[in-house]
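Me: I have a model open here and want to go through it. Can we start with the sheet?

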Amino acid sequence: MVSAVARPYIDASVPVLREHGLTITRTFYSNMFAEHPELTNLFNMGNQASGVQQQSLASAVFAYAANIDNAAALGPVVSRIVHKHVSVGIKAEHYPIVGRHLLGAIKEVLGDAATPPLISAWDEAYCELALALISAEKEMYAQAGIEPGQLQNMRVIDICDESADIKAFVLEAMPGEAAPPFKPGQYVSVSVNFENGPTQLRQYSLSDAPTGRTLRISVKREQGSALNPAGQVSNWLHDNVVVGSVVRVTHPFGDFTPDAESTAPIVLLSAGVGITPMISVLNRISQVHPNRQVVFAHAARSTAHYAHRPDIARAQSVMPNLHVVNFLENLTSDDISTDYPGRMDISKLPKWPLDEANVYLCGPVEFMQEQWRSLIEMGVPPTRLHREVFGPELLNYLR
């Protein structure tokens with residue numbers, strides 16, 4: 001908790017950060033990368049180019065100021081940040097660099113309004129947060145038994161076209177090694193060294209149950225648009241990795257871990273490539289509790305864009321209480337008669353005990369916001385709702 005001296009200055013910063021947060025974070029990243037270009041290897045430069053990363057950091061700084069004494073609100077956010085940080089190898093020595101450039105950006109943007117007491121208050125608040133993150137990340141590295149940034153070579157032994165734009169890559173541990181353990185829902189970072197360019201890391205959800213020998217990731221080709229660059233790492237994997245290739249991955253991390261070992265009812269809702277962690281969960285449940293009550297609903301543009309249907313079919317063959325509901329924006333006469341046209345509508349799902357089942361969501365942010373509201377209106381307790389966000393999060397719910 002920040003001191004009583006610093007607190008009024010942090011509180012007074014909230015409206016200032018709402019107005020100038022994005023300018024501050026743009027300045028921060030620009031100055032930091034100019035002085036430390038080696039740090040671009042730790043950041044998703046595609047998100048930098050689109051501006052999403054700057055918006056996310058601005059939201060995070062604002063949310064931190066607005067909820068600085070609200071541990072219940074900040075706790076899940078900090079947990080997610082810690083997992084993301086260890087998945088890219090953030091080290092304790094990075095924090096002073098970030099802190100110096102963040103405070104410098106505040107001074108540069110606010111000018112005379114950045115008084116010494118204000119900067120001192122933010123220095124104190126940043127140091128408190130940094131120490132908490134460093135401690136949590138140190139513990140997580142120790143639990144995983146790895147050093148920050150440690151990578152493992154794994155050989156690609158199978159590649160499957162799961163949909164029109166998603167490929168699944170099965171990675172096998174090298175001789176004498178084991179695949180790292182993980183919980184369904186977690187992800188690994190894949191490291192790619194581009195020729196005459198930077199190293200980049202991207203996170204991909206694991207899309208199969210743990211085997212001890214292999215990992216499977218499912219990667220969507222990102223075409224890019226006027227506002228968003230094409231997927232640098234994802235597209236490289238699609239275009240260059242073949243069976244026999246060796247890729248470098250981190251230990252699995254991620255705090256989106258639906259309880260696949262329980263016998264309680266569970267609801268898994270996804271859209272697009274958000275299906276990947278859900279398939280990992282479903283495959284694990286089919287192994288350990290095939291009689292469990294599971295509602296599995298997925299939304300896709302079309303059958304051609306619906307990944308991992310063979311996994312679902314295999315689960316249906318051994319899970320008598322698995323209820324699968326599909327929503328296709330472009331439904332054709334060839335699609336299954338039980339598929340629904342259009343976007344996901346939870347009123348079309350079978351009933352489940354609202355007070356007993358956890359509900360997990362993964363997909364585009366707009367999809368999750370829409371379903372979250374519908375589920376709350378339906379009477380699902382908020383404590384039963386969980387979600388996974390691919391990429392930077394804007395934390396709108398903390399405003």
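Me: What order do the six strands take in the open sheet?
Reply: The order is S10-S9-S8-S7-S11-S12, with parallel pairing. Strands are DSSP runs of E with at least two residues, helices are runs of H or I with at least four, and both are numbered from the N terminus. Two strands pair if DSSP finds at least two bridges between them.

Me: Which are the edge strands?
Reply: S10 (340–341) and S12 (385–388), each of which pairs on one side only.

Me: How many bridges join S9 to S10?
Reply: Two, and S9 covers residues 322–328. Phe327 has Tyr340 in S10 as its bridge partner.

Me: Before I go on, what are the ground rules?
Reply: This is a predicted model, where local features need pLDDT of at least 70, side-chain atom pairs count only at pLDDT 80 or more, and totals for chains, interfaces and linings use all residues. Numbering starts from 1 along each chain as its sequence is written, and side-chain values use heavy atoms, with hydrogens and water left out.

Me: Switching to the cores: how many residues has the largest nonpolar one?
Reply: It has 45, and Met32 and Trp122 have the most contacts inside it. Such a core is a set of buried Ala, Val, Leu, Ile, Met, Phe, Trp, Tyr and Cys residues joined through side-chain atoms within 4.5 Å; buried means under 20% relative accessible area, with a 1.4 Å probe and protein chains only.

Me: Which helix gives the most to this core?
Reply: H6, with 10 residues.

Me: And what does Met32 touch?
Reply: Leu39, Phe43, Ile97, Val98 and His101, leaving out residues up to four places away in sequence. Contact means heavy atoms within 4.5 Å.

Notes: Buried means under 20% relative accessible area, exposed over 50%, partly exposed in between (1.4 Å probe, protein chains only).
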